[in-house]
Amino acid sequence: MTAGALWNDFEVVAATRGVHRGKEGWSASGLSIDTRTLQPGDIFVALEAERNGHDFVPQAFRAGASAALVRVPLAESLGPQIVVKHSLGALEALAEAARDRNFGKSVAVTGSAGKTTTKEMLRMALAPAGEVHAADKSFNNHLGVPLTLAALPAKAPVGVFELGMNHAGEIRGLTTLVRPHVAVITTIAAAHLEFLGSMEAIADAKAEIAEGIRRGGSIVLPADSPFIDRLVSRSQEAGVSNIATFGEAGREARLLSIETTDAGLSVKAEILGQSVAFALHAEGKHMASNAVAALLAAGLADVDVKEAAQALEAFRPGGGRGATSSLSFGDITVGVIDESYNANPASMRATLSVLAGRKPTGRKIAVLGEMRELGPDTRRLHAELAPDAAVAADIIHTAGPMMAHLRDALPGDKRGTHTENAEDLLQVLLENLQDGDLLLFKGSNASRVGPLVASLTQASKGK
């Protein structure tokens, strides 16, 4: 096997029980299901979903794929192929093989909000154990999780996996695949109510993560959640005896204090009996809570808590998840808080509280896109955000049909422009910006607030 290779040909054949066609003796350095992001040396997995991956096998080989996992064999002249009964099933089998040959620790994280942020915090907090394996993106579904797990190096000391869902039963399948040593639930909030029906059902669906925890493993639960007793009960029913809690009421990890600094936050906590103080380059109590959860998980994964806290200081929020920046338009400079990645009522309130605590030289402007998958209570859940928005911002622009209910509940002097599509707000913003303004962007992915931020940023560069 080539030095640094992830898989060789006979390992892939053995794991997937496939039939090899073409030239033998190859090795692979990664995996891909998308020719647009495929790197030379990757195995291309020809999935059959919305688009048939077999149509892209020639393109994958032109991009440098080492081999392809296919259900239907193509011309051997294209490159090596492993013919399997089901390409997704073969990917999952490869993921299981990667899991079983690795003797490091694995940590899985789920929750109604903060999953990806906490995954990135774990990447930093676990760094003292060695190089951390984790997906660069939010690969948290039935495709992303096996893809991330199948790319786990045999000698990786630790792996971090984000598990997402919008229907009951989805977490169960993912956690059974990963079989984490430590699992984290960040929070329970009104997300995916349309599919799950109640907050209790959401809690139960998130608690499925306990069912895959390895014997002797641990689960990290949010002590401040009104559903903590339910989460504990479900974890016990799954056979998990090592149950740890975090938050202001946390037992194993207690958040003691948060102070706002120029760089973000100064946080003090007591974790597994140790007092820790660290700088967090992020804003908001929810971010501090996520950080404490990550440090507790790191401690339970045998990383020194104080070393983990020091390593966590390297964390920076990703795009759409609290990243801050300044944009200039001629003589006008404005600040931007980009929380556009996704939204539910809990994360919306947390983000608005961050805006409320800021003191810019100009106005505070909130740009809010509608929240999705909230079910029959969606109008009420949007309208109930009005008091938080009114306290946080001087002007609230809204986008999407459901956000009209929030706008209608706002005081008249707080109402900005309402549009059906977030990107239609670009010209409104450009025409009304004032020096020193601070803009907050937040909304579900489908509300298209993220592209609005990108367009505003591009307009700034064009000035």
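Begin by selecting Lys461, which lies in helix H17 (residues 449–462); helices here are DSSP runs of H or I with at least four residues, numbered from the N terminus, while strands are runs of E with at least two. Lys461 is exposed, its relative accessible area being 63%. For this term, exposed means over 50% relative accessible area, buried under 20%, and partly exposed in between, with a 1.4 Å probe and protein chains only.

Two remarks on the source apply throughout. The model is predicted, so local features need pLDDT of at least 70 and side-chain atom pairs count only at pLDDT 80 or more, whereas totals for chains, interfaces and linings use all residues. Residues are numbered from 1 along each chain as its sequence is written, and side-chain values use heavy atoms, with hydrogens and water left out.

Next, select Asn432, found in helix H16 (residues 426–432). Asn432 counts as partly exposed, at 44% relative accessibility. Show Arg363 and Asp437 as well, since both are in contact with Asn432 when neighbours within four places in sequence are left aside; contact means heavy atoms within 4.5 Å.

Move on to Thr148 in helix H5 (residues 144–150). Is Thr148 buried or exposed? Thr148 is buried, with a relative accessible area of 8%. Apart from neighbours within four places in sequence, Thr148 is in contact with His133, Ala134, Ala135, Phe139 and Phe161.

The following stops concern pairs of helices. Two packed helices are described by the angle between their axes and the distance between the axes.

Select helix H1 (residues 9–16) together with helix H3 (residues 87–101): they pack at an angle of about 110 degrees, with their axes 8 Å apart. Axes are lines fitted to C-alpha atoms, for helices over the stretch in contact, and angles run from 0 to 180 degrees between N-to-C directions. H1 is therefore roughly perpendicular to H3, a class that covers 65 to 115 degrees; under 35 is roughly parallel, over 145 roughly antiparallel and the rest oblique. Glu11, Val12, Ala15 and Thr16 in H1 meet Ala90, Ala93, Leu94, Ala97 and Arg101 in H3. By class, this contact of H1 with H3 holds six nonpolar, one polar and two charged residues; Ala, Val, Leu, Ile, Met, Phe, Trp, Tyr, Cys and Pro count as nonpolar, Asp, Glu, Lys and Arg as charged, and the others, Gly among them, as polar. Within H3, the buried residues include Leu88, Leu91 and Ala95.

Finally, select helix H10 (residues 285–300), which has 16 residues. Of these, 13 are buried, so H10 is largely enclosed by the rest of the structure. Ala291, Leu295, Ala298 and Gly299 in H10 meet Val305, Ala308, Ala309 and Leu312 in H11. The contact of H10 with H11 has seven nonpolar, one polar and no charged residues. To close, select Asp302, which follows H10 and has a positive phi, near 75 degrees.

Terms used. Expected span 1.5 Å × (residues − 1).
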